[in-house]
Amino acid sequence: MSSLAQIKKLSERYPFDESELEQLIRCHAALLDVKNADTFLTKIALSSPYSYFFLPGNEMRRRIELIEDKILPFGFGSCLRAATSVDLFVDCANEGDLSLERFLEGIADCGQRGHKEALKIIWDCCSYIVEFEDKLNPSRIIDMCYRLAFAAEVIVSADADADAIVARLSSEHDSACSSLERSLAQAGEDGLVTKQNFYDWAETMAPQISSTLSTFMHNLLFHGKMLKHRLNFVPFEPPKLDQRSDIFEGVHPPNMFALTCTSPLIGGKWHNLYSFEFHGHSMNRLQYSILGYCGPTVIVIETEQGHILGGFFTTTWKKAASYGDSNAFLFQLSPTLTVFNPTGDDTNFIHLQDGLGFGGTKDMPRLFIPASMEACNAGVMDKTFRTGNLLPEEALEKFNIKSLEVWGCGGEDVVKNGLKAREETRELVNAAIGNARKIKDKRAFVEDINLLETSLYKHREEARGRAEFKVDDKHGGYMLERGQ
């Protein structure tokens, strides 16, 4: 074992803290032990004290065997060993610190060195499986990334029923991967992609996909122990919905994998802000549900033809035209994942007035949902977002909504802060309305919150007489009993 002074010196050179380096040094020693017949992944996992603390007995060994036999592609451990140049340090086992440092470099490249290095490891693993091909089938790459995300979850889950895991993988795999496979295929030629095709595609369409490897390796080594100030990647964390969804069906919605790949801000807890099923088909209720909410938000639309599109935004929702920030993007989720990032030429990200629009201009947004929520439009180009089809070409830019949902996302703390901001906005609105009743000139009280002569008042009149509304004595009006 290295001395504390050596560990401290290594911590200054490598993106790991001292406790992580102690664990990596144990891994290095286990890998050099030629008498140990365990696989590469098993040696790494079992050298960690976390594996026995969180999973007593032989549970970690059982899970790694399950992962290697049933989840990851055949031979993945050997390919990862080669891709991280681990064999080089075995050849140099007598070189002391040089051997250890080559090992640390390889592990750091799996995520702690950044997005591009992790993409290289993913590519190399796929390439080694097919004997060093320089062009790959997109399905091979997406399949490996999906299985890595799946395996990362199995390592740290409270329960790992082998039969249930294998059944879930079998039932969800194709639908989880299909839109990503079609998307990546468009980046190459003749059904194959080069390494550069993969890098460029991941940069624009799926910047979070490299974290499937990074999260798997982190869970394998440290059993999910996250020191976020030391991580150079955002863990790949499939969203956890707090309410049933018509669009994302099931406990583990397959199409959620593709969406999680689009941004590091999407994972974690999701809170439903609005949906057709629970709030009805009403622009007034949609606006009431989102105004004031502050934090990452996903709007997802399923058309009557079964296509799925939407947008991601991080700004506070307000009644205005042409606002937002450069974290925003539009997307087609199904049938083919396509992300339309900002061009930098214009900043008309959101238009929230009588209807709800994104991109384009306030008079002609790129994606527009009118107040009627009928005869919606999804254009091909504008100056705010990258050009491309939000809907398949045969849809001709017009659609009717089958289901629409708005989710606050980004994790429990982020959602909690967003809901607090929304509640504060509602309190300001209610206070202004209460004051406006007391004087003749109401304009002075409501113009500041941008509510005068807008459809936002209509939900109060629509509510009168409905069972789920109650008299609000404090404000002299009606309030909706809501669970969120």
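This note goes through a predicted model point by point, from its confidence to its cysteines, one serine and its salt bridges.

1. Basis of the model. Because the structure is predicted, local features need pLDDT of at least 70 and side-chain atom pairs count only at pLDDT 80 or more, whereas totals for chains, interfaces and linings use all residues. Residues are numbered from 1 along each chain as its sequence is written, and side-chain values use heavy atoms, with hydrogens and water left out.

2. Confidence. The average pLDDT (the predictor's confidence in each residue, from 0 to 100) is 87 for the chain, and 86% of the residues score at least 70.

3. Overall build. The chain has 19 helices and 17 strands, which are DSSP runs numbered from the N terminus (helices H or I, at least four residues; strands E, at least two). Of its 484 residues, 53% are buried, where buried means under 20% relative accessible area, exposed over 50%, and partly exposed in between (1.4 Å probe, protein chains only). Among contacts with a separation of 6 or more, 66% are between residues 24 or more positions apart.

4. Cysteines. How many disulfides does a search of the whole structure find? The search finds zero, a disulfide being a pair of cysteine sulfur atoms within 2.5 Å. For Cys79 the closest cysteine sulfur is that of Cys125, and at 6.1 Å this is too far for a bond; Cys79 itself is buried, at 9% relative accessible area. Cys145 is likewise in no disulfide, since the nearest cysteine sulfur, in Cys126, is 6.6 Å away, and Cys145 is buried at 0% relative accessibility.

5. Ser263. This residue sits in the loop between helix 14 (256-260) and strand 4 (269-275), and with a relative accessible area of 7% Ser263 is buried. Leaving aside residues up to four places away in sequence, Ser263 touches Gln208, Phe312 and Phe329. A polar atom of the Ser263 side chain lies 3.1 Å from the backbone nitrogen of Leu265, while the C-alpha atoms of Ser263 and Met205 are 8.9 Å apart, although 58 residues separate them along the chain.

6. Salt bridges. Side chains of opposite charge can pair when their charged atoms come close. The structure holds 15 salt bridges, each defined as a side-chain nitrogen of Lys or Arg within 4 Å of a carboxyl oxygen of Asp or Glu. One of them joins Arg61 and Asp38, at 3.0 Å from N to O, and it links distant parts of the chain, with Arg61 in helix 5 (residues 59-71) and Asp38, 23 residues apart from it, in the loop between helix 2 (18-32) and helix 3 (40-46). Arg61 is partly exposed at 28% relative accessibility, and Asp38 is partly exposed at 25%.

7. A pair between strands. Glu302 and Lys402 also meet in a salt bridge, at 4.0 Å from N to O, with Glu302 in strand 5 (residues 297-303) and Lys402 in strand 15 (residues 401-408), 100 residues apart. Elsewhere, salt bridges that share partners join Glu59, Arg62 and Arg63 into one network.

Note on methods: Contact means heavy atoms within 4.5 Å. A polar contact is a pair of N or O atoms within 3.5 Å; within protein, one must be able to donate a hydrogen and the other to accept it, and residues adjacent in sequence count only if both atoms are side-chain atoms.
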